[in-house]
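Please look over the sequence and the structure shown here.

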Amino acid sequence: MSGAVALFLMIPAVAADEPGGLKAFRAGDYETAFKIWKPLADKGDANAQCDLGIMFQKGLWVDKNPAEAFRLFQLSAEKGNGQAQFQLAQMYAKGWGVPQSYTSALMWTQKSADGGDADGANRMGWLYDEGYGVQKDAKQAAYWYALAAAKGNPDAAFNLGMAYEKGSGVRKDNAEAAKWLKLAATQGNTKAQAELEALQHKDELTKK
């Protein structure tokens, strides 16, 4: 997934009464986005707090400030914002702006996934796939990948496609694998097209 696509997917739904912030962000007008979101965040709007957190995390128009990003994500996460919960989990996992804590990372990832955030669900699937912090469970991994893929997460679509190709946690089904890999490729996952072509080549060989 390209950086631009990844960054785009990080932005949660903006406050309904200020859609201009998201429009400006998508257009690369970070100054305008900041000026729209800052007063909303100061008033306690969870979406705006998460959006600003991403700007401070990435250094978009503002100086990179992991501590401020963490503060904003925490405020938003405590109000139930799933994307903020996911970002908070990532900061704990990597020790960005906060002492590293895998226990806290797992807790916030679970909250994010349970709340329906696509990034959180995909991450939860990966944790079950690898057995990090949870018992390794291919069926649980596929379950979370499917939830995230249905919400439009390209990495989850790729992971689900690979699960169908390998028969990991789901029945082996090359047609389903191809469907999800194709979707992942169209959504910007850079690995999906190569895997799709390899899968199609295998299918062609088996038919000969």
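Helix axes are lines fitted to C-alpha atoms, for helices over the stretch in contact, and angles run from 0 to 180 degrees between N-to-C directions. Helices (H or I, at least four residues) and strands (E, at least two) are DSSP runs, numbered from the N terminus.

This is a predicted model, in which local features need pLDDT of at least 70 and side-chain atom pairs count only at pLDDT 80 or more, while totals for chains, interfaces and linings use all residues. Residues are numbered from 1 along each chain as its sequence is written, and side-chain values use heavy atoms, with hydrogens and water left out.

**Overall build**

The protein has 12 helices and zero strands. Of its 208 residues, 45% are buried. Buried means under 20% relative accessible area, exposed means over 50%, and partly exposed lies in between (1.4 Å probe, protein chains only). A contact means heavy atoms within 4.5 Å. Among the contacts with a separation of 6 or more, 43% are between residues 24 or more positions apart.

**Helices H6 and H7**

The axes of H6 and helix H7 (residues 102-114) come within 8 Å and cross at roughly 160°. That makes H6 roughly antiparallel to H7, since angles under 35 degrees count as roughly parallel, over 145 as roughly antiparallel, 65 to 115 as roughly perpendicular and the rest as oblique. The crossing of the two helices is left-handed, a term used if the near helix is turned anticlockwise from the far one by less than a right angle (right-handed if clockwise). Residues of H6 that take part in the meeting include Phe86, Leu88 and Tyr92, and those of H7 include Tyr102, Trp108 and Lys111.

**Aromatic pairs**

A pair of aromatic rings is described by the distance of the centres and the angle of the planes. Rings of Phe, Tyr and Trp (its six-membered ring) pair if their centres lie within 6.5 Å; planes under 30 degrees apart count as stacked, over 60 as edge-to-face and the rest as tilted. The structure holds seven aromatic pairs, and the table lists two of them.

| Pair | Centre to centre | Angle between planes | Type |
|---|---|---|---|
| Phenylalanine 25 and tryptophan 37 | 5.8 Å | 35° | tilted |
| Phenylalanine 70 and tyrosine 92 | 5.5 Å | 85° | edge-to-face |

Phenylalanine 25 in helix H2 (residues 20-26) and tryptophan 37 in helix H3 (residues 30-42) are 12 residues apart. Phenylalanine 25 is buried at 5% relative accessible area, and tryptophan 37 is buried at 0%. Ring pairs link Phe25, Tyr30 and Trp37 into a cluster.

Phenylalanine 70 in helix H5 (residues 66-78) and tyrosine 92 in helix H6 (residues 82-94) are 22 residues apart. Phenylalanine 70 is buried, with 11% relative accessible area, and tyrosine 92 is buried too, at 13%.

**Two single residues**

Where is alanine 141? Alanine 141 lies in helix H9 (residues 138-150) and is buried, with a relative accessible area of 1%. Not counting residues up to four places away in sequence, alanine 141 touches Gly125, Tyr128 and Asp129.

Tryptophan 61 lies in the loop between helix H4 (46-58) and H5. Tryptophan 61 is partly exposed, at 46% relative accessible area. Its phi is near 70°, a positive value in a residue other than glycine.
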